[in-house]
Amino acid sequence: MTGKPIWESFDLIAGTSTGGLIACALTIPVGLGVKKNKYSLEQILEIYTKRGKEIFPPRDNWFSQKINAINDLSNPKYSDKGVQKVFSEVLGDAKINDCLTHLLITSYDLNNNVPLIFKSRSTKKHNEQNVLMYHICRATSAAPTYLPAYEFEYPNDDENPHRLCIDGGVYINNPSLGALAEFSKYHHEYIPGTDPNTEIDYNNVHVLSVGTGTYSGQITAAQAKSKGQLFWAQNISDIMMRGVNKATDYQMREIMYDDNYLRLTMSIPDEKYSAMDNSSAETLNYIINQTKLQVTENQEQMNKLSKWLEVAGLK
């Protein structure tokens with residue numbers, strides 16, 4: 001709609017978990033110092049559709065599903081061999097300072113018990129933080145129960161530099177508010193030539209928030225009143241993530257000027273296709289078709305996006 005690569009339209013791109021992977025992929029240059037993105041949106045989608053099963057191998061037959069279900073109670077559902085291979089091949093030697101526009105990627109560090117937020121603004125000042133995008137992507141996507149936690153070195157102030165990271169979705173599944181907080185305080189560093197003493201003008205701040213979809217089913221009154229630890233252990237994380245997403249969206253709408261903020265996402269009506277590790281072609285096609293139906297080929301949503309682009313001066 002703008003006729004430009006995504007990275008050229010934004011001063012800051014933030015992402016959590018799979019959103020963090022997409023944010024990094026969008027901003028990797030084709031070569032060091034070259035202002036051109038290595039991957040197109042179509043190529044990024046192809047990585048998901050063709051290589052997702054390397055990270056989340058399908059469990060096709062009934063017997064293996066039962067055996068694995070028992071194993072999943074005490075071990076991560078998947079090994080990290082697939083994710084190591086795919087991430088290393090896709091990301092190569094790119095570092096966060098190589099990104100074509102500013103990045104903010106989230107994770108949670110269990111060693112220090114702190115949110116760990118990778119910000120290119122900070123790493124450009126502290127070269128020791130200029131780590132491989134591979135490390136950042138492994139850290140933001142190490143979803144508990146699905147993949148092992150990820151260890152690597154990342155110094156920051158007086159914190160223990162040895163990190164033990166899990167998926168940033170455990171506390172900031174929708175990072176738009178975190179990105180707004182970062183930009184609000186350091187806007188003079190994002191916009192060259194801005195006086196550090198100048199207060200931010202929120203009339204000129206525009207946020208596009210893109211969700212990855214959530215299952216739209218509900219827990220019944222009977223379940224909520226009668227179920228115990230096993231049921232809630234399987235369902236509470238999804239409920240919390242849904243709640244955080246909606247709360248963040250509410251807060252952004254309250255903070256920002258009406259035409260300056262837009263949230264685009266979709267619901268997943270069928271529970272069969274809602275598991276985030278379901279890498280089957282059937283599920284991927286279902287998600288793509290629902291995205292077209294609810295967002296990219298939905299005239300009402302596209303009109304909203306067109307208006308947002310015009311208000312932001314991008315169209």
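1. In what sense do β6 and strand β8 pair, and over how many bridges? The sense is parallel, and the pairing of β6 with β8 runs over four bridges. Strand β8 covers residues 261–264. Within this pairing, valine 207 stands opposite tyrosine 261 in β8. Note that the model is predicted.

2. Strand β6 spans residues 207–210 and has two faces. Val207 and Ser209 make up the covered face. Leu208 and Val210 sit on the uncovered one.

3. Next, a helix pair. Helix α8 takes in residues 176–190, and helix α10 takes in residues 229–255. Their axes come within 9 Å. The crossing angle is roughly 40 degrees. That angle makes α8 oblique to α10. On the α8 side, the contact uses Ser176, Leu177 and Leu180. On the α10 side, the contact uses Thr248, Gln251, Met252 and Ile255. By class, the residues of this contact divide into four nonpolar, three polar and no charged.

4. Now the ion pairs. Side chains of opposite charge can pair when their charged atoms come close. The count for this model comes to 16 salt bridges. Several are worth a look in the viewer.

5. Lysine 50 and glutamate 46 meet through their side chains in a salt bridge, at 3.6 Å from N to O. Both residues lie in helix α2, residues 41–55. Lysine 50 and glutamate 46 are four residues apart, so about one helical turn separates them. Lysine 50 is exposed, at a relative accessible area of 56%. Glutamate 46 counts as partly exposed, at 42% relative accessibility.

6. Which residue forms a salt bridge with aspartate 109? The partner is arginine 163, and the closest N and O atoms are 2.9 Å apart. This pair links distant parts of the chain. Aspartate 109 is in strand β2 (residues 102–109), and arginine 163 is in strand β5 (residues 162–167). The two residues are 54 residues apart. Aspartate 109 counts as buried, at 0% relative accessibility. Arginine 163 is buried too, with a relative accessible area of 0%.

7. Arginine 163 also forms a salt bridge with glutamate 159. Here the closest N and O atoms are 2.8 Å apart. Glutamate 159 is partly exposed, with a relative accessible area of 23%.

8. Is arginine 51 buried or exposed? Arginine 51 counts as buried, because its relative accessibility is 18% and the cut-off for buried is under 20%. Leaving aside neighbours within four places in sequence, arginine 51 is in contact with Glu46, Lys85, Val86 and Glu89. Glu46 is also the salt-bridge partner of lysine 50. Arginine 51 and phenylalanine 10 are 41 residues apart along the chain, and their C-alpha atoms are separated by 28 Å.

9. Serine 9 lies in the segment before β1, residues 12–16. Serine 9 is buried, with a relative accessible area of 13%. Not counting residues up to four places away in sequence, serine 9 touches Thr2, Lys4 and Leu314.

10. Two backbone points for the torsion check. Serine 17 has a positive phi of about 60 degrees, although it is not a glycine. Serine 17 is found in the loop between β1 and α1 (18–27). Serine 17 counts as buried, at 14% relative accessibility.

11. The other backbone point is threonine 145. Its phi is near 80 degrees, a positive value in a residue other than glycine. Threonine 145 has its place in the loop between α6 (133–140) and β4 (150–153). Threonine 145 is exposed, with a relative accessible area of 58%.

How values were computed:
Residues are numbered from 1 along each chain as its sequence is written. This is a predicted model: local features need pLDDT of at least 70, side-chain atom pairs count only at pLDDT 80 or more; totals for chains, interfaces and linings use all residues. Side-chain values use heavy atoms; hydrogens and water are left out. Axes are lines fitted to C-alpha atoms, for helices over the stretch in contact, and angles run from 0 to 180 degrees between N-to-C directions. Angles under 35 degrees count as roughly parallel, over 145 as roughly antiparallel, 65 to 115 as roughly perpendicular and the rest as oblique. Contact means heavy atoms within 4.5 Å. Ala, Val, Leu, Ile, Met, Phe, Trp, Tyr, Cys and Pro count as nonpolar, Asp, Glu, Lys and Arg as charged, and the others, Gly among them, as polar. Buried means under 20% relative accessible area, exposed over 50%, partly exposed in between (1.4 Å probe, protein chains only). Two strands pair if DSSP finds at least two bridges between them. A salt bridge is a side-chain nitrogen of Lys or Arg within 4 Å of a carboxyl oxygen of Asp or Glu.
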